[in-house]
Amino acid sequence: MNKIQIVGVGDDGVEGLTNHARALIEAADVLVGPANLLPKVAIGPSERIESGSDLQRLGEMLNEMSSRNVVLLAGGDPLFYGTARFLCDSLGKDLFEVVPHVSSMQLAFARVKESWDDAYLTNLATQPLDRVVERIRTADRVGLFTTEEITPAALAAALLDRRIDYFNVYVCENLGSPDERVTQGDLNSLQGQTFGPLNVMVLVRRQGVADRPQQMEGKRLFGNPDDQFLQSKPKRGLLTPMEVRCIALALMDLGPTSIVWDVGAGSGSLAIEASQIVTGGQVYAIEMDAEDFGLMTDNAERYGCSTLIPVHGQAPEALAALPDPDVIFVGGTGRAVGELVDTIFDRLRPGGRFVVNVASPDNLVGVQAAFQRRNIEPSVRMANIARGNYQLDRLRFEAVNPSFLICGTKP
């Protein structure tokens, strides 16, 4: 069985090929490649087949031709967000040899004279825009393949909408071809501009700029002071205290793509901080009180929480249409917390975590019983926090109301 040669080709076509790559193409029985590359390679066999956009079908076709001497053309480095990665994964690495060309990403960083060894590199065709924007927020250098739907101007608008405005930007078009062009500016300057489909976008953080916009300075990923959240005056003090919030978030064991329910979210302090950790998942914040619900949406807007979804309604009815969660947090002040845990426990995914914060021993007993009915022995913590308070020249401690955290994992 002959190995299929996957040869990378640049926008300059034959002129940019190495002698080894040229020899492989000239010796081929059949040349397979995308419609935009085949005309650029005038050497090689007369039998030429367009690869098309259906990678599954391409794999089947190459498998059928495995007895022939086949060369597959691919743009740039075929293993860098290219065809070769899919084919090697689906058909097996032993079927292929890969001869890379300089990738357009490498060329883009070379054109703007920036190192790419620690840059965040991604393809907007394969990654959600919200996740990419959050990764860009803390990056020093970024390289992106854009798409026809998410153009450089659309990405710039999404970044500016999140108040990420501290990058110099380069849009590199048709790299390696005679009509190559590099456009330099800031994110604002890209709005309204159009670029060719073959472009790479490079972002470089301006020197001395912090990793977050100015209005977010002093706001933490989690553990923000209680007074940074809007709260209703009659119920002020019912917000989950900062120290308890930190413990609860640790027990929730969140991942970047977790699906989270915060049942009884109040003005949203825990849900907001959970959403800043869950950058690629979703945090559903369920609250039935209209005033608290309004404050939660205001707080979420202040913190720029793209993964937080406020749900106005009462549990368990308001949970019916939501996706099953990996993590459930319940902030319980009512008498029926144990019954609520019983009612919604079955919605938790296997291996998921259930964390409940209650203030009274009666509710603690009720929640423990709900876990034990499912043969789960919960871990229980009592948080008893006192905060230092200077009065004249003396330090005194003011106690925060003690509360209990009950945590269990679904088998």
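User: Buried means under 20% relative accessible area. How many residues of helix H6 (residues 152-161) are buried?
Analyst: This is a predicted model. The buried residues of H6 are Pro-152, Ala-153, Leu-155, Ala-156, Ala-158, Leu-159 and Leu-160. That leaves helix H6 mostly covered, and of its ten residues the number buried is seven.

User: What covers the buried residues of H6?
Analyst: The cover includes both helices and strands. Among the helices are H5 (129-137) and H7 (187-190). The strands include E7 (141-145), E8 (167-173) and E10 (199-205).

User: Which residue with a positive phi follows H6?
Analyst: The phi in question is near 65°. The residue that follows H6 with this value is Arg-163.

User: Is H2 oblique or perpendicular to H3?
Analyst: Helix H2 (residues 55-64) packs against H3 at an angle of about 60°, with the axes 10 Å apart. Roughly perpendicular would need 65 to 115 degrees. H2 is therefore oblique to H3.

User: Is the crossing of H2 and H3 left-handed or right-handed, and how do the contact residues divide?
Analyst: H2 contributes Leu-55, Gln-56, Leu-58, Gly-59 and Leu-62 to the contact, and H3 contributes Thr-83, Phe-86, Leu-87 and Leu-91. H2 passes H3 in a right-handed crossing. The contact residues divide into six nonpolar, three polar and no charged.

User: Is Lys-113 buried or exposed?
Analyst: Lys-113 lies in the loop between helix H4 (104-111) and strand E6 (120-123). Its phi is positive, near 60°, though Lys-113 is not glycine. The cut-off for exposed is over 50%. Lys-113 has 72% relative accessibility, so it counts as exposed.

User: Is Asn-174 buried or exposed?
Analyst: Asn-174 sits in the loop between E8 and strand E9 (181-186). Its phi is also positive, about 50°, and Asn-174 is not a glycine. At 17% relative accessibility, Asn-174 counts as buried.

Technical notes:
Residues are numbered from 1 along each chain as its sequence is written. This is a predicted model: local features need pLDDT of at least 70, side-chain atom pairs count only at pLDDT 80 or more; totals for chains, interfaces and linings use all residues. Side-chain values use heavy atoms; hydrogens and water are left out. Axes are lines fitted to C-alpha atoms, for helices over the stretch in contact, and angles run from 0 to 180 degrees between N-to-C directions. Helices (H or I, at least four residues) and strands (E, at least two) are DSSP runs, numbered from the N terminus. Angles under 35 degrees count as roughly parallel, over 145 as roughly antiparallel, 65 to 115 as roughly perpendicular and the rest as oblique. A crossing is left-handed if the near helix is turned anticlockwise from the far one by less than a right angle, and right-handed if clockwise. Contact means heavy atoms within 4.5 Å. Ala, Val, Leu, Ile, Met, Phe, Trp, Tyr, Cys and Pro count as nonpolar, Asp, Glu, Lys and Arg as charged, and the others, Gly among them, as polar. Buried means under 20% relative accessible area, exposed over 50%, partly exposed in between (1.4 Å probe, protein chains only).
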